Amino acid sequence: MKYYARKYLLVLMTAAIGLGLGSQVTAEVMLAEDFEAYDLGTWPSSWVPDANANDSGNNYVAQDPLDSGNKTLRLFGSMGGCWAALAYHPISFTAEFTVETRIYNGSETLTGCHPDRGGIVMRHGTYWYGRTNPSRRLIQFRGDGAVRATGATILGTYETDRWYDVKVHYYREGTDLSLRYWVDGDDFGEVHVTIEDLEKELSFDHFELSVQEGSAYFDDLEVTEGSAPIPEPATLGLIGLGLIPLIRRRRR
Ligand SMILES: [Ca+2]
């Protein structure tokens, strides 16, 4: 490769890295958790357990079911009952944020009153009982194999006994709420909701990881302020346009 072509490539790479870093630097991390700081078999001390998560024999920092060197949070909702396992962490939600996490759903046969698996939720306080503390379910892996968005929209299907990368972008403007979903990098679409009680929506002050029945594992949670760090099509186009002269030069 000629010198000017190498220099051109270097400039392009620097610009691309700069764009990538730029979007990460501006995004303030509101909550990050990989469960590596806790001892295996213990409850992670910065999280508050609720309902069946208080069963320390079944809810704890556990080895990743597929990678023994990695620590995860294992939650377990009681089998055949109505007693979910929930874990809360304080957070200051903003009008626009992005959640990324990994969820692994177990394959137990569910027969209880809410036969669903893992989910992530915005919650007021650290107590669900009697629905006195309002919440918004961001995503729910249902027991029938469907992935459900906030409200009733079905986004797609999933399999048990494997990890999924889940990303949710939350954007609120007045009482208009839009939520966009990605699962394993695939765009699962956008859901629009009208917020019926804005006071409740603004009261959410905890992030919840939960499983309704059976086991679910959680890891690599990161909640960042603002939009998802994905290059805009325009940016990709500019990078693509920039590469054309380089390719032409290399062909000479
Ligand atoms: Ca981990």
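Q: Which residues have the most contacts inside the largest nonpolar core?
A: In this predicted model, the largest nonpolar core has 45 residues. In soluble globular proteins, nonpolar side chains tend to be buried together. The residues with the most contacts inside this core are L73, L75, A87, L138, I139 and V168.

Q: With which residues is L73 in contact, leaving aside its neighbours within four places in sequence?
A: L73 is among the residues with the most contacts inside the largest nonpolar core. A contact here requires C-beta atoms within 7 Å. Once the neighbours within four places are left aside, the partners of L73 are F35, P44, V61, A87, L209, Y217 and F218.

Q: Which strands are the edge strands of the open sheet of seven strands?
A: The sheet has the order β2-β5-β14-β7-β8-β9-β10, with antiparallel pairing. An edge strand pairs on one side only. The edge strands are therefore β2 (48-51) and β10 (154-157).

Q: Over how many bridges do strands β7 and β8 pair?
A: Strand β7 covers residues 116-123, and strand β8 covers residues 135-142. One of the bridges joins R123 to S135 in β8. The two strands pair in the antiparallel sense, and the number of bridges is six.

Definitions and conventions. Residues numbered from 1 in each chain as written. Predicted model: local features only at pLDDT ≥ 70, side-chain atom pairs only at ≥ 80, totals over all residues. Core = buried A, V, L, I, M, F, W, Y, C linked by C-beta atoms within 7 Å. Buried ≥ 20, exposed ≤ 12 C-beta atoms within 10 Å, placed from the backbone. Contact = placed C-beta atoms within 7 Å. Helix = DSSP H or I, 4+ residues; strand = E, 2+ residues; numbered from the N terminus.
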